[in-house]
Amino acid sequence: MDGSAGRQPLNWCPSGDASRPESVVLGVRSGDQGEVVYLADPVPAAEVLGSVPEGIAPHRVLRFASHCVSDCANRVGEACGLIERIRTVPAKSEAGSGAVPRCHLRPHCKWWNQVGVEGCHRCPAVVTLNPHDDELNVLVADPETTLEQLESWMAAAQ
Ligand code: SF4
């Protein structure tokens, strides 16, 4: 992967769209919490999507990376609003400290370039599809949600 060559963007989104032509598998969701285990090397999404059993949304079992694009709903100027909303919510358990995952995307990763190690600490727990009954996760995922709204929600929930 060379995200800086030619017309390719510098940044890749680590919560990407599996259907984009450049999309690669970032990692596999595993364990009870579905945390991402990162692949050592990128694998084109197109090569694995056909292996996901029918009836299972690919994002339920895999995380994808694709280009960070200017018309993304999460864009706030040049920044990614999604990782800003994610880091506004306190991390559960040990997520948010310790060593960062080994990750093939790092040199090109939008979140790494924007918020550094904090993005990597939060990254494994990020799910691309959120259960609709998890109100806080739905709010975090919604590009319309402001950081102030998130803070108000958390204050009200305490
Ligand atoms: S935030 Fe860190 S762990 Fe996640 S994809 Fe980017 S570089 Fe990899």
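Modeller: A residue counts as buried if 20 or more other C-beta atoms lie within 10 Å of its own, with C-beta atoms placed from the backbone. Keep in mind that this is a predicted model. By that cut-off, helix 3 (residues 81-88) has these buried residues: Leu-82, Ile-83, Arg-85 and Ile-86. Viewed down the axis of helix 3, they fall within an arc of 160°, so they line one face of the helix. An α-helix has 3.6 residues a turn, so residues three or four places apart point the same way.

What does that face pack against? The buried residues of helix 3 pack against strand 6 (79-80), helix 4, helix 5, helix 6 (135-141) and helix 7 (147-157).

Two of those partners lead on to the ligand. Helix 4 (110-115) and helix 5 (117-122) are the elements that give two or more residues to the shell around the ligand. The residues around the ligand include Trp-111, Trp-112, Gly-119 and Cys-120. Pro-14, Leu-26, Pro-101, Cys-103, Leu-105, Arg-106, Cys-109 and Cys-123 are also among them. By class, the shell divides into 10 nonpolar residues, 1 polar and 1 charged.

Strand 1 runs antiparallel to strand 4 (residues 62-67), and 2 bridges join them. Trp-12 has His-67 of strand 4 as its bridge partner.

Conventions: Residues numbered from 1 in each chain as written. Predicted model: local features only at pLDDT ≥ 70, side-chain atom pairs only at ≥ 80, totals over all residues. Near = placed C-beta within 6 Å. Helix = DSSP H or I, 4+ residues; strand = E, 2+ residues; numbered from the N terminus. Nonpolar A, V, L, I, M, F, W, Y, C, P; charged D, E, K, R; others polar. Pairing = 2+ DSSP bridges. Buried ≥ 20, exposed ≤ 12 C-beta atoms within 10 Å, placed from the backbone. Arc of directions from axis to C-beta. Contact = placed C-beta atoms within 7 Å.
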